[in-house]
Amino acid sequence: MKVRIERLPTGVEGFDELIQGGIPRGFFVAVVGEPGTGKSIFCIHFIAEGIREGDKNIYVTTEESRESIIRQAAQFGFDFERAIDEGKLVIIDALMGGRDDPWSLHELTPEALVEKVIEAKKYLGRGRARLVVDSMSAFWLDKPAMARKYSYYVKRVLYRWDFTALLVAQYAVTTSLGFGFGVEHVADGIIRFRKAVVGGTLRRYVIVEKMRQTQHDLRMHEIEILDGVGMRVKRPTPYRKEDFALPKSVVDRILEAELRRRREILGGEEGETIL
Ligand SMILES: Nc1ncnc2c1ncn2[C@@H]1O[C@H](COP(=O)(O)OP(=O)(O)OP(=O)(O)O)[C@@H](O)[C@H]1O
Ligand SMILES: [Mg+2]
């Protein structure tokens, strides 16, 4: 039986083909990757496409100011300022927002987040909506063990509001692999961005690791980010271990951090047995 699923195009050239045309409506998708791999730019495209399609759009920014997101979008030809003025977009600023700014978040708690997001949704009105939280990691910076619980809470509460959501999680190899795990566990899909220096040049890639109800492409694709254009998916790339291999000292530190995280979650020795 052929089941028709409504899908939201991401607006990233070449990406929607990897996921049968777009992200299923209502999905909560984790967007994960190291710094500078293109996560925020991917999210900006997703919102710009929402504006184009007449969706209600909310972008929560914790790492950059609202102005920074607006400027970045403008570099690719998207007028976010106008969309805000026209009541099509709310950017919730959790970094710089002043006390008199109604769309700012003063507390980095999941409760404050969902409350503000629902307020923004009510302001924008009924109908299909797109939500970006960039990033979720900011909400559990000092308590990584809460990542999964917080992610689940956010999904459970916001589920009823007709959002299709991108939840960004950062990975920093030097701190811990664990930063994104919470989001990934509760997500309906996982889009992972990667980077590697190949022959002395930085290259960026994307791979769809999970997309429920979708026959998604299983290959890693190279991407490019161009001024005036934005992100584009290029060709599939063969996975070469040497492009991604980390020095042993870094791997050891990552494993150590992961072990600490699991002990924190599971308590005592139990964490070690499943590593
Ligand atoms: N106008 C532009 N033209 C070309 N490349 C750009 C432009 N603006 C940004 N970039 C590239 O995109 C990168 C930033 O991408 P992005 O902000 O999406 O990363 P990120 O994965 O969100 O990182 P972080 O985790 O640090 O927030 C820059 O480092 C730069 O290489
Ligand atoms: Mg970012």
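This is a predicted model: local features need pLDDT of at least 70, side-chain atom pairs count only at pLDDT 80 or more; totals for chains, interfaces and linings use all residues.
Guide: Local features need pLDDT of at least 70, side-chain atom pairs count only at pLDDT 80 or more, and totals for chains, interfaces and linings use all residues. Residues are numbered from 1 along each chain as its sequence is written, with chains lettered from A and ligands numbered from 1 in the order in which they are written.

Visitor: What makes β6 a mostly covered strand?
Guide: A residue is buried if 20 or more other C-beta atoms, placed from the backbone, lie within 10 Å of its own. In β6 (residues 129-134), 6 of 6 residues are buried. Therefore β6 counts as mostly covered.

Visitor: How do you know which faces of β6 are covered?
Guide: Ala-129, Leu-131 and Val-133 lie on one side, and Arg-130, Val-132 and Asp-134 on the other; all are buried. Both faces are covered. In a regular strand, side chains alternate between the two faces of the sheet.

Visitor: Why is β6 said to pair with β4 and β7?
Guide: Pairing takes at least two DSSP bridges between two strands. β4 (residues 56-61) and β6 share 6 and run parallel; β6 and β7 (residues 163-170) share 5, also parallel. So both pairs qualify. Val-60 stands opposite Val-133, and Leu-166 in β7 is the bridge partner of Val-132.

Visitor: Why is the unit of β6, α5 and β7 called right-handed?
Guide: The term applies if, with the strands pointing away from the viewer, the path from the first strand over the helix to the second runs clockwise. β6, helix α5 (residues 147-158) and β7 make such a right-handed β-α-β unit.

Methods. A residue is buried if 20 or more other C-beta atoms lie within 10 Å of its own, exposed if 12 or fewer, and partly exposed in between; C-beta atoms are placed from the backbone. Helices (H or I, at least four residues) and strands (E, at least two) are DSSP runs, numbered from the N terminus.
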